[in-house]
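Trainee: I have a model open and want to learn how to read it. Where do I begin?

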Amino acid sequence: MDSFRGQGGIQMLLNAEQEAQHIVSSARNLKMARLKQAKDEAEKEVTLYKSHLETEYQKRISETSGSSESTVKRLEEETEIKIKQLKDSALKVSKEVTDLLIKYITTIKN
C-alpha cells in the first residue's frame with residue numbers, strides 16, 4: 001500500500017508541476033500581451049505628440065515668415081521715403097551749392 005501512495009504522491013506532484021507550468025505560462029502570456037498593449041499605446045502617444053509638435057512648428061514658421069515679409073515691406077517703404085526726402089533736400093540746396101562752387105572757382109586771390 002505504501003508503494004501505491006508513493007506512486008499517487010508522485011502523480012500528484014507531477015499534476016501540481018504541470019498545473020504550475022500552465023499558471024506560469026498563462027502569466028507570461030498575459031504579461032507579454034500587456035507589454036505589447038502598453039508599447040502600442042506608447043507608440044500612439046508618441047505619434048500624436050510628434051504630430052502636435054510638428055503642427056506647432058509649422059504654425060510658428062508661418063507666423064515668423066509672415067512677419068518677416070511684412071518687415072521687409074515696411075523697410076522698403078521707409079527706404080523709399082528716405083530716398084525721396086534726400087532727393088528733395090538735394091534739389092533745394094543744389095542751386096546754392098552750384099553758385100557757391102562757381103564763386104570759389106571764379107574768384108581769384110591776390
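Mentor: Begin with a cut-off. A residue is buried under 20% relative accessible area, exposed over 50%, and partly exposed in between. Asp88 has 34% relative accessibility, so Asp88 counts as partly exposed. Keep in mind that this is a predicted model.

Trainee: What share of the 110 residues is buried?

Mentor: Buried residues make up 0% of the protein chain. The chain exposes about 10,900 Å². Carbon and sulfur atoms supply 61% of that area.

Trainee: Which secondary structure elements does the chain have?

Mentor: One helix and zero strands. Helix H1 covers residues 2-106.

Trainee: Now the charges. What is the idea behind a salt bridge?

Mentor: Side chains of opposite charge can pair when their charged atoms come close. The cut-off here is a Lys or Arg side-chain nitrogen within 4 Å of an Asp or Glu carboxyl oxygen. The count comes to four salt bridges.

Trainee: Which residue forms a salt bridge with Asp88?

Mentor: Lys84, with the closest N and O atoms 3.4 Å apart. Lys84 is exposed, with a relative accessible area of 52%.

Trainee: Where do Lys36 and Asp40 lie?

Mentor: Both are in helix H1, four residues apart, about one turn of the helix. Lys36 counts as exposed at 55% relative accessibility, while Asp40 counts as partly exposed at 30%.

Trainee: And what joins Asp99 and Lys95?

Mentor: A salt bridge between their side chains, 3.5 Å from N to O. Both lie in helix H1, four residues apart, about one turn. Asp99 is partly exposed, with a relative accessible area of 38%. Lys95 counts as exposed at 54%.

Trainee: How far apart are the mean positions of the positive and negative charges?

Mentor: They are 6 Å apart, for 19 positive and 18 negative charges.

Trainee: Which residues make the nonpolar surface patch?

Mentor: Val93, Val97, Leu101 and Ile105 make a patch of about 380 Å². Leu101 is found in helix H1.

Terms used:
Residues numbered from 1 in each chain as written. Predicted model: local features only at pLDDT ≥ 70, side-chain atom pairs only at ≥ 80, totals over all residues. Heavy atoms only, no water. Patch = residues over 30% accessible without salt bridge, like charges linked within 9 Å, V, L, I, M, F, W, Y side chains within 5 Å. Areas by Shrake-Rupley, 256 points an atom, 1.4 Å probe, with all protein chains shown as cover. Helix = DSSP H or I, 4+ residues; strand = E, 2+ residues; numbered from the N terminus. Buried < 20%, exposed > 50% of the residue type's maximum accessible area, 1.4 Å probe, protein only. Lys, Arg positive; Asp, Glu negative; His and termini not counted. Charge placed at Lys NZ, Arg CZ, Asp CG, Glu CD.
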